[in-house]
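Hi everyone, thanks for coming.

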Amino acid sequence: MIDDLLSAARGGSGSALLVIGSPCSGRSTLLDCAIRAATDMLTLSARGVRDESDLAYSGLRILLQPVLAHLTNLSSDRAAALRKVLDPEQGAGSTPAGGHLVGTAVLDLLATAAARRPVLLAVDDLPLFDAATTKVLLFVVRRLAGTGVAALLSAATPLPPSLAQGDLPLLALRGLDPEAAGHCGLFQAIDASC
Ligand SMILES: Nc1ncnc2c1ncn2[C@@H]1O[C@H](COP(=O)(O)OP(=O)(O)OP(=O)(O)O)[C@@H](O)[C@H]1O
Ligand SMILES: [Mg+2]
């Protein structure tokens, strides 16, 4: 499924997949595996952190850092909207009112980057990101058709309502199967922390 997601993005047919599973089911490991399989792609990755969930757009700032040079290729209104929320001073006070414009700008930015090199957007623990980032990402990943962007998101179960009622394709984990783990060279024991 993930190989298909990456191959499709390489061919210009972007799409998204939401990896779900209980704590310690192997979600992060699977995302890391996908990143390793995508060395030919530009990877934008970030892990949701509960401590930063009240900092509006903090997740987006991390994710988009490697593609900010493409901001100059966007229309001036989209670039301005995105620059505003990515500025820590202004972003913290931004309201979701401009969310649609920001979402369109992010989509445009990713598609522009992917026109040069296919993009893997790897977002671990999406529900732990700030709400503004989560909202923009959900807007974006539903509109990847026709771009070279593959989005791989993860969330622990039980899912929050915004994801449980969503329409994203799901991959439900019950722990990585031995074949997938072997493919990644991950036969080590489960972390003592899990
Ligand atoms: N099939 C497997 N065989 C061996 N080890 C595995 C397998 N799947 C996962 N692991 C190990 O289990 C641990 C937990 O995996 P991982 O951190 O990916 O889970 P997670 O679902 O992201 O957990 P969390 O809820 O803490 O975010 C890691 O140490 C990982 O290497
Ligand atoms: Mg994890």
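Let's begin at Val149. Setting aside neighbours within four places in sequence, Val149 is in contact with Ala9, Gly14, Leu110, Ala111, Ala114, Val119, Leu121 and Leu144. Please keep in mind that this is a predicted model.

As a general point, nonpolar side chains in soluble globular proteins tend to be buried together. Over the protein chain, buried residues make up 37% of the 194 residues.

Five strands form an open sheet, ordered 2-3-4-1-5, with parallel pairing. At the edges you'll find strand 2 (42-47) and strand 5 (170-172), each pairing on one side only. From one strand to the next, the twist averages 15°.

Look at strand 4, residues 149-156: seven bridges join it to strand 1, residues 15-21, and the two run parallel. For instance, Ala16 has Ala151 in strand 4 as its bridge partner. Helix 1, residues 2-10, packs on the sheet and touches strand 1, strand 3 (119-124) and strand 4. The direction of helix 1 makes about 150° with that of strand 4.

Zooming out, the protein chain has nine helices and five strands. Of its contacts with a separation of 6 or more, 82% are between residues 24 or more positions apart.

How values were computed
Residues numbered from 1 in each chain as written. Chains lettered and ligands numbered in written order. Predicted model: local features only at pLDDT ≥ 70, side-chain atom pairs only at ≥ 80, totals over all residues. Helix = DSSP H or I, 4+ residues; strand = E, 2+ residues; numbered from the N terminus. Buried ≥ 20, exposed ≤ 12 C-beta atoms within 10 Å, placed from the backbone. Contact = placed C-beta atoms within 7 Å. Pairing = 2+ DSSP bridges. Axes fitted to C-alpha atoms, helices over the stretch in contact; angles between N-to-C directions.
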